[in-house]
Amino acid sequence: MSMNGDFKAVRKDIAKLLHQPEYDDGSAGPVLVRLAWHSAGTYDAETDTGGSNGAGMRYEHEGGDPANAGLQHARVFLEPVKAAHPWITYADLWTLAGVVAIEEMGGPSIPWQGGRTDYVDDSKLPPHGRLPDGAKGSDHLRWIFYRMGFNDQEIVALSGAHNLGRCHSDRSGFEGAWVNNPTRFSNQYFRLLLSLQWKEKTLKNGVKQFVNYDEDTETELMMLPTDIALTQDKEFRSWVELYARDKERFFEDFSKVFAKLVELGIQRDENGVVTNTDNERGGYHS
Ligand code: DDH
């Protein structure tokens with residue numbers, strides 16, 4: 001059991017659980033990154049609702065959004081960490097786990113601060129449908145991400161997270177990984193978007209995605225329609241091209257934008273203390 005506020009001890013325990021030989025590609029990392037993203041990506045700047053504060057995905061209203069199918073795996077992986085550090089809020093744990101996973105998988109270090117609460121304000125529950133739909137195009141991407149307060153460059157940088165992990169037909173309906181080494185963070189996703197030929201394929205379940213089959217290695221990689229949309233829109237494409245040729249620039253921009261993502265809706269005073277938490281009912285705040 002660690003002392004209140006000892007986030008270093010939590011980081012260590014998260015890093016230790018990433019190796020999961022029986023799960024997917026041998027790592028819990030990608031699904032933890034997705035948990036952090038989906039916990040935060042419900043944010044709506046106009047109404048100041050959604051976001052990582054409150055860890056609402058523990059409850060049916062948000063956890064039951066079809067977009068969140070499969071994320072219980074990530075939450076289960078983290079339960080022993082919560083048990084060992086009961087003072088940490090789920091909202092902090094989930095966002096920190098994403099940050100640690102990215103770092104441990106070879107990605108950039110990402111600024112992160114604690115202090116989120118687990119108090120769920122019922123008047124601020126995000127409705128279903130706030131997370132992106134992979135079957136759609138660039139208008140949808142802008143509609144979803146502008147709502148959170150991101151611009152075109154940030155949309156493309158964030159999408160680079162698809163260097164990690166895979167699609168599962170029993171979760172999203174899509175199937176497969178974007179890159180050959182989906183547990184190593186890099187800019188390979190952008191390079192493959194531009195360098196491979198992507199052909200539309202209809203899966204047995206009727207879902208359409210894009211695939212590339214390499215005859216030499218007999219491996220099939222995939223892209224979502226939303227991923228392909230990044231190459232078809234002029235503004236998005238210029239960022240894809242930059243990140244494909246400049247890995248350092250991608251890491252720098254990804255670090256900034258992921259840090260921004262997990263802070264959506266969190267207000268802090270000049271000392272970094274979160275001010276929009278209900279500390280009576282909420283969890284620990286540092
Ligand atoms: Fe994603 N994502 N994502 N994604 N995502 C899926 C998996 C993963 C979209 C759809 C899907 C981001 C943006 C988008 C990760 C991180 C991020 C899956 C497959 C779908 C579908 C789920 C499954 O079947 O298990 C769409 C659409 C968008 C978009 O429109 C931009 C962003 C911004 C991130 C981020 O982290 C910043 C990760 C990691 C995964 C792999 C999960 C896993 O289990 O493996």
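## A cluster of rings

Ring pairs tie Phe185, Tyr189, Phe190, Trp239, Tyr243, Phe250, Phe251, Phe254 and Phe258 together into a cluster. Here, rings of Phe, Tyr and Trp (its six-membered ring) pair if their centres lie within 6.5 Å; planes under 30 degrees apart count as stacked, over 60 as edge-to-face and the rest as tilted. Searching the whole structure turns up 17 aromatic pairs. Take Phe190 and Tyr243: their ring centres are 5.5 Å apart and their planes sit at 45°, so this pair is tilted. The pair links distant parts of the chain, with Phe190 in helix H8 (residues 188–195) and Tyr243 in helix H10 (residues 234–245), 53 residues apart.

Tyr243 also pairs with Phe250, and that pair is tilted too, at 5.6 Å centre to centre and 55° between the planes. Buried means under 20% relative accessible area, exposed means over 50%, and partly exposed is in between (1.4 Å probe, protein chains only).

## Where the model comes from

This is a predicted model, in which local features need pLDDT of at least 70 and side-chain atom pairs count only at pLDDT 80 or more, while totals for chains, interfaces and linings use all residues. Residues are numbered from 1 along each chain as its sequence is written, and side-chain values use heavy atoms, leaving out hydrogens and water.

## The whole chain

The protein chain has 11 helices and five strands. Both come from DSSP runs numbered from the N terminus: helices are H or I with at least four residues, strands are E with at least two. The C-alpha atoms fill a box of roughly 60 × 40 × 40 Å along the principal axes. How does the radius of gyration fit a compact globule? For 286 residues, such a globule would have a value near 19 Å, and this chain has 18 Å, which agrees. That radius is taken over C-alpha atoms, and the globule rule is 2.2 Å times the number of residues to the power 0.38.

Buried residues make up 55% of the 286 residues. Among contacts (heavy atoms within 4.5 Å) with a separation of 6 or more, 69% are between residues 24 or more positions apart.

## A covered helix

Now look at helix H9 (residues 225–232), which is mostly covered: seven of its eight residues are buried. Those are Pro225, Thr226, Asp227, Ile228, Ala229, Leu230 and Thr231. What covers them includes helix H6 (138–148), helix H7 (152–159), H8, S4, S5 and H10.

Most residues other than glycine have a negative phi. Asp48 isn't a glycine, yet its phi is positive, about 50°. You'll find Asp48 in the loop between helix H2 (29–40) and helix H3 (60–63), and it is partly exposed, with a relative accessible area of 22%. Glu218 isn't a glycine either, and has a positive phi of about 55°. Its loop lies between strand S4 (208–214) and strand S5 (219–223), and Glu218 is exposed, with a relative accessible area of 60%.

Asn68 is in the loop between H3 and helix H4 (71–84), and this residue is buried, with a relative accessible area of 2%. What does Asn68 touch, not counting residues up to four places away in sequence? Its contacts are His38, Met57, Glu62, Gly63 and Leu131.
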